[in-house]
Amino acid sequence: MAEEIPEDNGDAPTVIRVTAPYKTQVVVEFSKAVQLPAANPEAAFNISEQLAPANGLEVQTAVLDPSETKVILTTAEQKIGTNYIVTAGVAIADKAGNPIVSGNTDSGLFAGSAMAMPAPAETPVAEPEPA
């Protein structure tokens, strides 16, 4: 079966919400499903301190969640309570190929989080049955 081509209404995706659930994670939510560049998707995002834009926050990875409207960024450790601005670059596009438009709809503000990422749940290892 051929892949369905999304209807192109000509509207570019916009950033509608940015949150930092953990001190090394930022979630960027878009107005519609997006696609990330195949190579180095993390390079499509820039994060800087709101009051000191020269102070950047490294984006280490960018992963599209199953809804395709949210991108989960792994970052360097955020400063607690510092306001950051995340900007999505024009390499981010909707499923029809319309790139995000540079300006005030490509960015969002979030406060640095103090929450540590939860440790991955350990799967118990089954002990072999005695013979």
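The questions and answers below go through the strands, the core and a few residues of a predicted model.

In this predicted model, local features need pLDDT of at least 70 and side-chain atom pairs count only at pLDDT 80 or more, while totals for chains, interfaces and linings use all residues. Residues are numbered from 1 along each chain as its sequence is written, and side-chain values use heavy atoms, with hydrogens and water left out.

Q: How many strands are there in the chain?
A: Helices (H or I, at least four residues) and strands (E, at least two) are DSSP runs, numbered from the N terminus. By this rule the chain has 0 helices, and from the N terminus on its elements run β-β-β-β-β-β-β-β-β. The number of strands is 9.

Q: Does Gln-25 count as buried or exposed, and why?
A: Gln-25 has its place in strand β2, which covers residues 25–30. Leaving aside neighbours within four places in sequence, its contacts (heavy atoms within 4.5 Å) include Ile-72, Leu-73 and Met-117. Buried means under 20% relative accessible area, exposed over 50% and partly exposed in between, with a 1.4 Å probe and protein chains only. Because its relative accessibility is 15%, Gln-25 counts as buried.

Q: How many residues has the largest nonpolar core?
A: A nonpolar core is a set of buried Ala, Val, Leu, Ile, Met, Phe, Trp, Tyr and Cys residues joined through side-chain atoms within 4.5 Å. In the largest one, the residues with the most contacts inside it are Val-28, Phe-30, Phe-45, Ile-47, Leu-73 and Phe-110, and strands β1, β2, β4, β5, β6 and β7 each supply at least two of its residues. In soluble globular proteins, nonpolar side chains tend to be buried together. The number of residues in this core is 21.
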